[in-house]
Amino acid sequence: MPWFIDDVVAAGTLAGSPQPTIPAAGGLTLRPWQDDDAPAVLRAFQDPALQRWHSRSAESLEETLGWIGEWRGAWRGERMASWAVTGPDTGEVLGRVALREIVLADGSAELGYWMLPDSRGRGIAPRSVTALTRWAFDEIGLHRLELLHALGNVASCRVAAKTGFTLEGTKRSALLHGDGWHDMHLPARVADDPEPGTD
């Protein structure tokens, strides 16, 4: 049965080219993951603050190296895309940003991120989210991005607000963490929303 509406983004749009490096404000770079980033990922997942909002833990370099392999392979599958956030000059890994639950036909994805402890409170997360949001809308042609986070995750609430994601509602008891079920805020942006601070 034929569809009346074309796919928002054609299949193959991501897989048909290498995963790009994306510049962000303040000299930050979003780049594809490399094998030698595994120690930074392991360090991130030893942090109790990060563990509080994630359902996964890492116990070895071999494990995080496996994750990096999965993240690189996911680009070809067009369901998820992940970048290391790196700093100016040294190229040190500061965190991760990702598009998850990508549905090219619908033009939608969920944006996720985490930052290493030393990278928090320095505006790195908002700058990284802003750069990935603009790339997803302007370069790929996605129409809608969601940024799902637990109500108690105040830092993520602030990042969502700073980057123009509008709170659309609360998903009750939507995600299971180590301490039980969490209600989740659902902020979102669509491609024609005004840039933060321009309306």
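**Pocket**

I took a pocket to be an open set of points on a 1 Å grid over the protein atoms alone, with protein on both sides within 12 Å along at least five of seven lines. I took its volume as the space filled by probe spheres set on the points, with grid points joined across faces, edges and corners. The model is predicted, so I note that local features need pLDDT of at least 70, side-chain atom pairs count only at pLDDT 80 or more, and totals for chains, interfaces and linings use all residues. Residues are numbered from 1 along each chain as its sequence is written, and side-chain values use heavy atoms, with hydrogens and water left out.

I looked up the second largest pocket and found about 160 Å³ of space in it. Its lining residues (those with an atom within 4 Å of a point) are R43, G87, P88, T90, E92, V93, L94, L116, P117, D118, S119 and R122. I sorted this lining by class into 5 nonpolar, 3 polar and 4 charged residues; Gly counts as polar, Pro as nonpolar, and Asp, Glu, Lys and Arg as charged.

**Helix α4**

I read helices as DSSP runs of H or I with at least four residues and strands as E runs with at least two, numbered from the N terminus. Helix α4 covers residues 124–140, and its 17 residues should span 24 Å at 1.5 Å a residue; the expected span is 1.5 Å times one less than the number of residues. The end C-alpha atoms of α4 are 23 Å apart, which agrees.

I then checked burial (buried is under 20% relative accessible area, exposed over 50%, partly exposed in between, with a 1.4 Å probe and protein chains only). In α4, 12 of the 17 residues are buried, among them W135, F137 and I140. G141 follows α4 with a positive phi, near 95°.

**Helix α5**

In helix α5 (residues 154–162), I found S156, V159 and A160 buried. Seen down the axis of α5, these fall within an arc of 100°, so they line one face of the helix; the arc is that of the directions from the helix axis to the C-beta atoms. Their cover includes β5 (108–115), α4, β7 (149–150) and β9 (180–190). On the other side of α5, A161 and K162 are exposed. G164 follows α5, and its phi is positive, near 85°.

**Residue Q46**

I located Q46 in the loop between α1 (38–44) and α2 (48–52). Q46 counts as partly exposed because its relative accessibility is 44%. Leaving out residues up to four places away in sequence, Q46 touches Q51 and A58 (contact means heavy atoms within 4.5 Å). Q46 and S57 are 11 residues apart in sequence and 7.5 Å apart in space, C-alpha to C-alpha.

Key
On a 1 Å grid over the protein atoms alone, a cavity is a set of points where a 1.4 Å probe fits but cannot get out, and a pocket is an open set with protein on both sides within 12 Å along at least five of seven lines; lining residues have an atom within 4 Å of a point.
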